[in-house]
Amino acid sequence: MSRLDFTPYRRSTVGFDHLFDLLENQARNSGSENYPPFNIERRGEDNYRITLAVAGFKPADLDITAQQNLLTVQGKKREDSGDGDMLHIGIANRGFERRFELADYVRVEKADLEDGLLIVDLVREVPDAMKPKKIAVNGQTTLEVVKNDDDDANAA
């Protein structure tokens, strides 16, 4: 097991403890369950897509829950309704739970199931109150052009 050391970054940042803890936990749990396989795609500056391979699952078998900063996708195992005796079982028919940590202001836009792929589209919407703003120094609201004595002499 490899351990990430974020000590140099923790010394020079404030308020990122949650992020570093999240990264360390992900590194610790990275060797765990890898079913179902998935892709994460960036589709624009503020648009993302998660695609999970969920062949054999119907929409009623899937449960998608979005909470603040967490997306959980669960697949419920169905009872096998085969008519004959199975000689080989190569298609996974097991339940799963896959969790994705979401950044602030990322929300689920929609989810579709097509051709055995569950596609979850996400969008980041930063509120206007959280967008960068210019801050005036000493309460000065606007900048004015500074005139010097040579400008006054040329104008006369």
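**R99 and its surroundings**

Leaving aside its neighbours within four places in sequence, R99 is in contact with L70, L71 and T72. Contact here means heavy atoms within 4.5 Å. Before going further, note that this is a predicted model: local features need pLDDT of at least 70, side-chain atom pairs count only at pLDDT 80 or more, and totals for chains, interfaces and linings use all residues. Residues are numbered from 1 along each chain as its sequence is written, and side-chain values use heavy atoms, with hydrogens and water left out.

Where does R99 lie? R99 lies in strand β5, residues 96-101. Strands are DSSP runs of E with at least two residues, helices are runs of H or I with at least four, and both are numbered from the N terminus. The side chain of R99 makes a polar contact of 2.8 Å with the side chain of E97. A polar contact is a pair of N or O atoms within 3.5 Å; within protein, one must be able to donate a hydrogen and the other to accept it, and residues adjacent in sequence count only if both atoms are side-chain atoms. Now look across to I64. R99 and I64 are 35 residues apart along the chain. Their C-alpha atoms are separated by 10.0 Å.

The structure holds three aromatic pairs. Rings of Phe, Tyr and Trp (its six-membered ring) pair if their centres lie within 6.5 Å; planes under 30 degrees apart count as stacked, over 60 as edge-to-face and the rest as tilted. One of the pairs joins Y35 and F96. This pair is edge-to-face, with 6.0 Å from centre to centre and 90° between the planes. Y35 sits in the loop between α2 (17-29) and β1, while F96 is in strand β5. These two residues are 61 residues apart, so the pair links distant parts of the chain.

Buried or exposed, what is F96? F96 is buried, because its relative accessible area is 8%. Buried means under 20% relative accessible area, exposed over 50%, and partly exposed in between (1.4 Å probe, protein chains only). Y35 also counts as buried, at 12%.

The rings of F38 and F100 have centres 5.2 Å apart and planes at 85°, so they form an edge-to-face pair. F38 lies in strand β1 and F100 in strand β5, so this pair ties together parts that are 62 residues apart in sequence. F38 is partly exposed, because its relative accessible area is 31%. F100 counts as buried, because its value is 7%.

Back to Y35. Ring pairs link Y35, F57 and F96 into a cluster. R94 lies over the face of Y35, 4.1 Å from the ring centre. A charge sits over a ring if NZ of Lys or CZ of Arg is within 6 Å of the ring centre and within 35 degrees of the ring normal.

F38 brings us to β1. An open sheet of four strands has the order β1-β2-β7-β6, with antiparallel pairing. Two strands pair if DSSP finds at least two bridges between them. The edge strands are β1 (38-42) and β6 (106-114), and each pairs on one side only. Neighbouring strands of this sheet are turned by 15° against each other on average, direction ignored. For such angles, axes are lines fitted to C-alpha atoms (for helices, over the stretch in contact), and angles run from 0 to 180 degrees between N-to-C directions.

How does such pairing work? Strands of a sheet pair through backbone hydrogen bonds, either parallel or antiparallel.

Strands β2 (residues 47-53) and β7 (residues 117-124) pair over seven bridges. N47 has V123 as its bridge partner in β7. T51 lies in strand β2 and stands opposite I119 in β7. T51 counts as buried, because its relative accessibility is 15%. Not counting residues up to four places away in sequence, T51 touches P37, F38, N39, L117, L118 and I119.

On to β6. Eight bridges join β6 to β7. R107 stands opposite V123 in β7. The hairpin of β6 and β7 has two residues between the strands, and D115 takes a positive phi near 55° there.

**The whole chain**

Step back. The chain has three helices and seven strands. Along the sequence they follow the pattern α-α-β-β-β-β-β-β-β-α. Of the 156 residues, 18% count as buried. Among contacts between residues at least 6 apart in sequence, 48% join residues at least 24 apart.
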